[in-house]
Amino acid sequence: MGGGECTAPLASGILTGASALTYASLPPMLATMAPPLTERQKAILDFFAEFQRAHGYPPTHREIRDRFGYTSYGTVHKHLR
């Protein structure tokens, strides 16, 4: 134990000479995050963002329904959840 080397054990990590790399666990909110967006959800999100940029307000359910060819508002709602 000389020369300033770190020799303390770590809960998780790698010791490399005088420095140690440690790995933090995921924050609780990341462990409970929703799964990634589907391709359709991503397309709706992109449409939503572009529409809001162009008009200054978000699209209505009807505008989303018409843009993607849905026949019911329930389908739009399902993709927006």
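**Aromatic pairs and the nonpolar core**

A search of the whole structure turns up 4 aromatic pairs, where rings of Phe, Tyr and Trp (its six-membered ring) pair if their centres lie within 6.5 Å, and planes under 30 degrees apart count as stacked, over 60 as edge-to-face and the rest as tilted. The model is predicted, so local features need pLDDT of at least 70 and side-chain atom pairs count only at pLDDT 80 or more, while totals for chains, interfaces and linings use all residues. Residues are numbered from 1 along each chain as its sequence is written, and side-chain values use heavy atoms, with hydrogens and water left out.

Aromatic residues

- Phe-47 and Phe-51 form a tilted pair, with 5.8 Å from centre to centre and 55° between the planes; they lie 4 residues apart in helix α2, which means that about one helical turn separates them.
- The rings of Phe-51 and Tyr-57 have centres 5.8 Å apart and planes at 75°, so this pair is edge-to-face.
- Phe-51 counts as buried because its relative accessibility is 10%, whereas Tyr-57, at 43%, counts as partly exposed; buried means under 20% relative accessible area, exposed over 50%, and partly exposed in between (1.4 Å probe, protein chains only).
- One aromatic cluster is formed by Phe-47, Phe-51, Tyr-57, Phe-68 and Tyr-70.
- The charged end of Arg-67 sits over the ring of Phe-68, 4.7 Å from its centre, the criterion being NZ of Lys or CZ of Arg within 6 Å of the ring centre and within 35 degrees of the ring normal.

Nonpolar core

- The largest nonpolar core has 7 residues, namely Ile-44, Phe-47, Phe-51, Ile-64, Phe-68, Tyr-70 and Val-76, a core being a set of buried Ala, Val, Leu, Ile, Met, Phe, Trp, Tyr and Cys residues joined through side-chain atoms within 4.5 Å.
- Two or more residues of this core come from each of α2 (39-55) and α3 (61-68), and α2 gives the most, with 3 residues.
- Leaving aside residues up to four places away in sequence, Val-76 touches His-61, Ile-64, Arg-65 and Tyr-70, where contact means heavy atoms within 4.5 Å.

Whole chain

- The chain has 4 helices and 2 strands in the order β-β-α-α-α-α along the sequence; helices (H or I, at least four residues) and strands (E, at least two) are DSSP runs, numbered from the N terminus.
- Of the 81 residues in the chain, 14% are buried.
- Among contacts with a separation of 6 or more, 17% are between residues 24 or more positions apart.
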